[in-house]
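Please look through the model with the points below at hand. They take up a metal site and then a group of paired strands.

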Amino acid sequence: MPHSPGIHHVTAIARDAQANVAFYTDVLGLRMVKKTVNYDDPATYHLYYGDEDGHPGTILTFFPWANMPLARRGAGETGEVAFIIPPAAVAFWLDRLSALHVPHDVPEKRFGETRIALRDPDGIRLVLVARPGAEALPGRAAAGVGAEQSIRGFAGTTLVLARQGPTAQVLEIAFGWRKTGEEGRFQRYAAPDGVIGNQIDLELAEDARQAGMGPGSVHHVAFRAADDAAQAAMAEALRGVGVQTTEQKERNYFRSVYFREPGGVIFEIATDDPGFAIDETRETLGQKLMLPPWLEAERGRIEAALPTLER
Ligand code: ZN
């Protein structure tokens, strides 16, 4: 049976690279685990944030595309990216977001979990979900966030859809996920064995206009594959329901195939191996601009085209 234990990474679009770095490292306390370029567009950074080791399930990445028209909210997109925090850290985060003037809402509940919705500098909707058991996951002390309060990785995402059924079918058939609940306009699907990044909420938005991708929106959601064979099994299951994936692409830190799920959201299936420590040590992750072997010969030209980043 094809199977994915959860989200591998989520990639979104920002305007300004420096503001993006400041928010995700200094406000949310994530670690920049890789600073590289978009392999399909090497004049653009590809910035990766995650936990101390850059484990799959903790990685939020950005393309800063300043000149692209801004995102337009609607159906066929990822509406929210959710991180997990320990329930005991809710008050800490509310105080911190207020103190740092981060726009956020009063805590609400969905499927019994307390959640704080906030916006990043480009208006990307993030959520801190208080999940019992999060305290047992490895934390990271940084930027005034204690290890015990820190973000532990993804809870999951919310996909905004004109119809939920076809997307649900992909989650069930290709990834082996199951429906675990329904509340109002939300259906929740989960990987049965996942710990982080293992939940996707399908939000019904029947009358919404089509979303437009741009700075302030999520570009794609990547799901984990244990290895190439697991990835191939998922791609084959997708073909069985009429969904074609791209050929496998070498992303240096993982190998990926891509497809547009029937609801309009771009999905990726990325291998867990080899991970982010192949070209830097654990201690120095994210400090230098790293290029894949096939772009290394162009380093001078690439570096000259990129804005300078503090950090
Ligand atoms: Zn990706």
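**Notes on the metal site and the strands**

1. Along the chain, the donors of the zinc ion are spaced as H-x210-H-x47-E. Donors here are N, O and S atoms within 2.8 Å of the metal (3.2 Å for Na, K and Ca); water is not among the atoms, so sites may look incomplete.

2. His9 lies in strand β1 (residues 7–14) and Glu268 in strand β16 (residues 266–271), so this pair ties together parts 259 residues apart in sequence. Strands (E, at least two residues) are DSSP runs, numbered from the N terminus.

3. The model is predicted: local features need pLDDT of at least 70, side-chain atom pairs count only at pLDDT 80 or more, and totals for chains, interfaces and linings use all residues. Residues are numbered from 1 along each chain as its sequence is written, and side-chain values use heavy atoms, with hydrogens and water left out.

4. The zinc ion is coordinated by His9 (NE2), His220 (NE2) and Glu268 (OE), at 1.9 to 2.0 Å. His9 is buried, with a relative accessible area of 2%, and Glu268 is buried at 0%. Buried means under 20% relative accessible area, computed with a 1.4 Å probe on protein chains only.

5. Strand β8 (residues 125–130) has five of its six residues buried. Strand β5 (residues 77–85) runs parallel to β8, joined by five bridges; Ala82 stands opposite Val127 in β8. Two strands pair if DSSP finds at least two bridges between them.

6. Strand β7 (residues 113–119) runs antiparallel to β8, also with five bridges, and Leu118 stands opposite Leu126 in β8. β7 and β8 form a hairpin with five residues between them. Gly123, in the turn, has a positive phi of about 90 degrees.

Definitions and conventions. Helices (H or I, at least four residues) and strands (E, at least two) are DSSP runs, numbered from the N terminus. Buried means under 20% relative accessible area, exposed over 50%, partly exposed in between (1.4 Å probe, protein chains only).
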